[in-house]
Amino acid sequence: MVMEEGCQTPRSPEAKVGMQVEDLWDIQEPQLSPTEKLNACFENIPVSDFPPAPSNQVIEIKSDATLAEAVKLLSQHKILGAPVVDVDAPEDASWIDRYIGIVEFAGIVVWILHQSEKMEGSVAFDFDSLITGAENILSPALAAAVNGVSSPRFRSMHPESPTATCGNFFETLTSSDLYKNTTVRDISGSFRWAPFLALQKSNSFLTMLLLLSKYKMKSVPVVDLGEYKIANIITQSAVIHMLEECAGLHWFESWGSKKLFELGLPLMKPNNVIQVAEDEPVLQAFKLMRQNGVGGIPVVESGGRRAIGNISIRDIQFLLIAPEIYRDYRSITAKNFLTSVRKYQGEHEKNSLFLSDMVTCRRNNSLKEVIMKLDSKKIHRIYVVDDMGNLEGVITLRDIISKLVHEPRGYFGDFFDGVLPLPANSRV
């Protein structure tokens, strides 16, 4: 519950946001539908009211940091990405000149896939297919900011090759001078980068929620124009936690008490769920994520639909931080990967990294129950299964938000035009 019995004071900053929605809900026109009421409520709350991270500090990484240091920083802080500070920027630079972009596990995955292909030899592959669907609906500049990576030079990769997936491949890669000496700046020169899309503090919660859902952004930086640093980064996990803290409030319960099937969830049919078989190479899982613009996929039994695990985009860290755990395998399959990482976690429980759990639910679970599960596990997706454990679909934060608010006609207008100033040396 958000509040103690008989107490009117919220216990958390997130609950205070929920109370703002509650107060606004009560004064909306009675003829409005619940979704229209929530749209109006969230449109009237500025993103400056969104609680900052517990540490009250935005994690940043310098452009001269090595790729290995970037992986370590993202892993330690359990984050998917971090803004990159240009070490050559003047001290009085505004935020648009201070940052190069955002380095993400998704970009590191592309770099690794490229290295695996180089080890095997040139195999024709359309690199453009790796860019997520955001590029089909947004301007090129915004798509670059959302995706973070692209390169017309890297036209081939072959993650299923024996060389790329043999047990000692990542041990060899991470001990190489290439890996040790490659910097975040080097990656930004190799891939297509643009300054990230950021919201001003005066922008609304509704804008932020739509960017995280319909427009597929992984996180939304919040800035003050003229300031030199990011004020806050709103992540998918933070939004899930905010929703969880709103449990017990009238507007949340009227929405969250509905069963998944009543809301038309999951949206995707079982045969459309992107998945990888347990005996396929683990790099195939990461390749599929990039091709389809998703942050994680289930691992299923060979020839069946029963899910045995989940691989998330951030799990690429386990191939780089503990590469020695795969050396006894002739090939690192998805199943071998899950087995090795679980064993590694058991042996290093105190300092264990976080392997994305395979969390499931049923169609008759309520949306509130799903949100509680997502928040407790700090994950962004949950798999819907039948009584036999067979996959029936997947539900992500984007799906949840789509059932909470909608984009009014013409809402963004020319929002994406010119909102993303490009540096003089931009390669977009």
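**View 1. Salt bridges, with a close look at Glu 253 and Lys 368.** The structure holds 12 salt bridges, each a side-chain nitrogen of Lys or Arg within 4 Å of a carboxyl oxygen of Asp or Glu. In one of them, the side chains of Glu 253 and Lys 368 meet at 3.0 Å, N to O. This pair links distant parts of the chain, 115 residues apart: Glu 253 sits in helix α14 (residues 250–256) and Lys 368 in helix α18 (residues 367–377). Helices (H or I, at least four residues) and strands (E, at least two) are DSSP runs, numbered from the N terminus. This is a predicted model, in which local features need pLDDT of at least 70 and side-chain atom pairs count only at pLDDT 80 or more, while totals for chains, interfaces and linings use all residues. Residues are numbered from 1 along each chain as its sequence is written, and side-chain values use heavy atoms, leaving out hydrogens and water.

**View 2. The largest pocket.** Here you can look into about 1000 Å³ of space. A pocket is an open set of points on a 1 Å grid over the protein atoms alone, where a 1.4 Å probe fits, with protein on both sides within 12 Å along at least five of seven lines; lining residues have an atom within 4 Å of a point. The volume is the space filled by probe spheres set on the points, which are joined across faces, edges and corners. Of the 37 lining residues, Ala 53, Pro 54, Ile 79, Thr 235 and Ser 237 lie nearest the centre. Strand β6 gives the largest share of the lining, 5 residues.

**View 3. Helices α2 and α12.** Helix α2 (residues 34–43) packs against helix α12 (residues 205–212) at an angle of about 110°, with their axes 6 Å apart. Axes are lines fitted to C-alpha atoms, for helices over the stretch in contact, and angles run from 0 to 180 degrees between N-to-C directions. The two helices α2 and α12 are therefore roughly perpendicular, a term for angles of 65 to 115 degrees.

**View 4. Two backbone spots.** The peptide bond from Leu 265 to Pro 266 is cis, with omega near 0°. Pro 266 lies in the loop between α14 and β7 (276–277). Lys 78, in the loop between α3 (67–76) and β2, has a positive phi near 55°.

Terms used
Parallel < 35°, antiparallel > 145°, perpendicular 65-115°, else oblique.
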